[in-house]
Amino acid sequence: LVVHRREILVTSVFHACEPKVKLPYHIWTVAEYHQMAGAGLLDESDRVELIEGELVDMAPIGSRHAFWVDRIAEALGRGSRAAHMVRVQNPVLLGELSEPQPDVALVKRNNYAGRHPGPDDILLIIEVSDTTLEYDRDVKLALYARHGIPEVWLIDVNAGELTVYCEPAEGQFRLIRKPTAAEAVLPTLVPDISLRWAELVA
């Protein structure tokens, strides 16, 4: 694969205005995405993720966002003897066209040195939304539902709200709820973990 950096089409999910004529553009596969990285066209300083074949710019990580991610990862961690692993802002593989980087992912304990976790490995995904609420809610949630991710937590930092999405079916989550601050929240597939929203925001 021979591609010059300036020729990489980085598309955005949200457009300020729609062109009168929609021009065709290249849909990148995960394999091509990794070939670009291997050729030095992308590196760790390029904050992009592959969503349905499009390279999407990721928002800079602000201090509030980083603090929330750290608190959640700390609360979910159970050490090396736990049956699950906590991955922070690392990729997961969803089909041939998507490799998102969720803020936090609980995955089955395994050796992922040779591959990224896929839908069968993922127990819970958490997205922390500061400036990216619409994108996380309207684009990434739908992506996770289509690939059968069993549970997603969406945290609206600005509103101080947690929304839990479960039971993916036909590209959407059938069960959506907002726990109260005092309510204990248990991940469906990791019931030995119990978090209280009030304790996280304290």
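## Basis of the description

Because the model is predicted, local features are given only where pLDDT is at least 70 and side-chain atom pairs count only at pLDDT 80 or more, while totals for chains, interfaces and linings use all residues. Residues are numbered from 1 along each chain as its sequence is written, and side-chain values rest on heavy atoms, with hydrogens and water left out.

## Overall fold

The protein has four helices and ten strands, where helices (H or I, at least four residues) and strands (E, at least two) are DSSP runs numbered from the N terminus. Their order along the sequence is α-β-β-α-β-β-β-α-β-β-β-β-β-α.

Of the 202 residues in the protein, 42% are buried; buried means under 20% relative accessible area, exposed means over 50%, and partly exposed lies in between, with a 1.4 Å probe and protein chains only. The accessible surface comes to about 11100 Å², and 53% of this surface belongs to carbon and sulfur atoms; such areas come from the Shrake-Rupley method with a 1.4 Å probe, and for residues only the protein chains shown count as cover. Among contacts (heavy atoms within 4.5 Å) with a separation of 6 or more, 55% are between residues 24 or more positions apart.

## The six-stranded sheet

Six strands form an open sheet in the order β3-β4-β5-β6-β7-β8, and the pairing is mixed; two strands are said to pair if DSSP finds at least two bridges between them. Strands β3 and β8 (172–177) stand at the edges with a single partner strand each, so one side of each is left without a neighbour in the sheet. On average, and with direction ignored, neighbouring strands are turned by 20 degrees against each other; axes are lines fitted to C-alpha atoms, for helices over the stretch in contact, and angles run from 0 to 180 degrees between N-to-C directions. As a general point, strands of a sheet pair through backbone hydrogen bonds, either parallel or antiparallel.

Strand β3 (residues 84–88) is joined to β4 by five bridges, and the two run antiparallel; His84 has Lys108 in β4 as its bridge partner. Four bridges join β4 to β5, again antiparallel, with Leu106 standing opposite Leu124 in β5. By contrast, β5 and β6 run parallel and are joined by five bridges, and here Ile126 stands opposite Trp153 in β6.

## Buried strands and the core

Six of the six residues of β6 are buried, so this strand is largely enclosed by the rest of the structure. Both of its faces are covered, with Glu151, Trp153 and Ile155 on one side and Val152, Leu154 and Asp156 on the other. In β4, four of the five residues are buried. Thr163, found in strand β7, counts as buried because its relative accessibility is 8%; beyond residues up to four places away in sequence, Thr163 touches Val152, Trp153, Leu154, Ile176, Arg177 and Lys178.

A nonpolar core is a set of buried Ala, Val, Leu, Ile, Met, Phe, Trp, Tyr and Cys residues joined through side-chain atoms within 4.5 Å. The largest such core has 22 residues, and those with the most contacts inside it are Ile72, Leu76, Leu106, Ile126, Trp153 and Ile155. Two or more residues come from each of α2 (63–76), β4 (104–108), β5 (122–129), β6 (151–156), β7 (161–169) and α4 (197–201). A second, separate core of 20 residues includes Tyr112, Tyr135, Leu143 and Tyr144.

Helix α2 lies across β3, β4, β5 and β6 and runs at about 155 degrees to β5. Trp68 has its place in this helix and counts as buried because its relative accessibility is 11%. The C-alpha atoms of Trp68 and Asp130 are separated by 9.9 Å, although these residues are 62 residues apart along the chain.

In helix α1 (residues 30–38), the buried residues are Val30, Glu32, Tyr33 and Met36. Seen down the axis of α1, they fall within an arc of 165 degrees, so they line one face of the helix; the arc is that of the directions from the helix axis to the C-beta atoms. Their cover includes β1 (48–51) and β2 (54–57). Just after α1, Gly40 takes a positive phi of about 85 degrees.
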